[in-house]
Amino acid sequence: MKKKKLAVLISGGGSNLQAIIDCCKQPDYPAEIVCVISNKASAYGLERAKNAGIETVVIDHKQYHDRAAFDQAMHERIVAYGAELVCLAGFMRLITPWFIEQWHNRLINIHPSLLPSFKGLHGPRQALEAGVTIAGCTVHFVREAMDDGPIIIQAAVPVLPDDTEESLAARILVEEHRIYPAAIAMIAGGELVIDGDRISRYKH
Ligand code: GAR
């Protein structure tokens, strides 16, 4: 089986990265990680990658004079590793339209809300503040607008009366770890037909 080559971009703990790593260990999973890139040298996700024998790269955004130069550097590294799909997994930098265009329909993100609700930072906190009774997470293709683009998979969780931001985020994270590898498998398996800003068809 020819496996889809993934670049995973992180900024922090990398629990979603870990979920992808674990799935990639299964012989019949249709993707493999060729590099993990972090904008922060201290990101624990880098340890997770190293423990799995995956190449890591730190590209410190503070070393670049603007977003365009930083994104250019990331793009060049991703291309050099031969990645075919770029997965944002807790990558907490805004990406330039140029980068998004280079990776059109080959760049995906996970967000801790049921988009289009609660874009931006602190999805679980926004859900609590809005008083919704169902929260969740979304994997989507990236478009120029933040936390926007064709939705691949969503998962819902209940909001419980005594939830804190932490307890709700933890419940959502369990679902993130399930749907992110599933979304990658759908793309790698050629199951999705993208029609502009929507997934128009799921082939089976
Ligand atoms: C995840 O909850 C992810 O959905 C969120 O950051 C967390 C990263 O956790 N991403 C965003 O909020 C992007 N807007 P992880 O490093 O343990 O995977």
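Just after helix α3, Gly-82 takes a positive phi of about 75°; helices (H or I, at least four residues) and strands (E, at least two) are DSSP runs, numbered from the N terminus. The model is predicted, so that local features need pLDDT of at least 70 and side-chain atom pairs count only at pLDDT 80 or more, while totals for chains, interfaces and linings use all residues. Residues are numbered from 1 along each chain as its sequence is written, and side-chain values use heavy atoms, with hydrogens and water left out.

Helix α3 itself covers residues 67-80. At 1.5 Å a residue its 14 residues should span 20 Å, and the end C-alpha atoms are 20 Å apart, in agreement; the expected span is 1.5 Å times one less than the number of residues. Phe-70, Asp-71, Ala-73, Met-74, His-75 and Ile-78 are the buried residues of α3, where buried means under 20% relative accessible area, exposed over 50%, and partly exposed in between (1.4 Å probe, protein chains only). An α-helix has 3.6 residues a turn, so residues three or four places apart point the same way. The buried residues of α3 pack against β1 (4-10), β2 (31-38), β4 (85-88) and α4 (97-102).

The loop between β3 (56-58) and α3 holds His-61. This residue counts as buried because its relative accessibility is 16%. Its contacts (heavy atoms within 4.5 Å) include Asn-39, Phe-70 and Arg-93, not counting residues up to four places away in sequence. The side chains of His-61 and Asn-39 are joined by a polar contact of 3.0 Å. A polar contact is a pair of N or O atoms within 3.5 Å; within protein, one must be able to donate a hydrogen and the other to accept it, and residues adjacent in sequence count only if both atoms are side-chain atoms.

Helix α6 (residues 165-188) has 24 residues, which at 1.5 Å a residue should span 34 Å; the end C-alpha atoms are 34 Å apart, which agrees. The buried residues in α6 include Leu-168, Ile-172, Glu-175, Glu-176 and Ile-179. Further along α6, Tyr-180, Pro-181, Ala-183, Ile-184, Met-186 and Ile-187 are among those buried. Just after α6, Gly-190 has a positive phi of about 65°.

The ligand is surrounded by Gly-13, Gly-14, Ser-15, Asn-16, Gly-90, Met-92, Ile-110, His-111, Pro-112, Leu-173 and Glu-176, each with a heavy atom within 4 Å of it. A polar backbone atom of Gly-14 is 2.8 Å from an oxygen atom of the ligand. For Glu-176, a polar side-chain atom lies 2.8 Å from an oxygen atom of the ligand, and a polar side-chain atom of His-111 lies 3.3 Å from a nitrogen atom of the ligand. Of the 450 Å² of accessible area that the ligand has on its own, the protein covers 81%; accessible areas come from the Shrake-Rupley method with a 1.4 Å probe, and for residues only the protein chains shown count as cover.

Pro-112, one of the residues around the ligand, is placed in the loop between β5 (107-111) and α5 (123-130). Its relative accessibility is 24%, so Pro-112 counts as partly exposed. Not counting residues up to four places away in sequence, Pro-112 touches Gly-123, Pro-124, Gly-136, Cys-137, Ile-172 and Glu-176. The C-alpha atoms of Pro-112 and His-140 are separated by 11 Å, with the two residues 28 apart along the chain.

Pro-116 is also in the loop between β5 and α5, and the peptide bond from Leu-115 to Pro-116 is cis, with omega near 10°. Phe-118 lies in the loop between β5 and α5 and has a positive phi of about 60° although it is not a glycine. His-122, found in that loop, has a phi near 60°, a positive value in a residue other than glycine. His-122 counts as partly exposed because its relative accessibility is 40%.

The protein chain has six helices and nine strands. Its radius of gyration is 16 Å, close to the 17 Å that the globule rule gives for 204 residues, so the chain is as compact as a globular protein of that length; the radius is taken over C-alpha atoms, and the rule is 2.2 Å times the number of residues to the power 0.38. Of the 204 residues, 46% count as buried.
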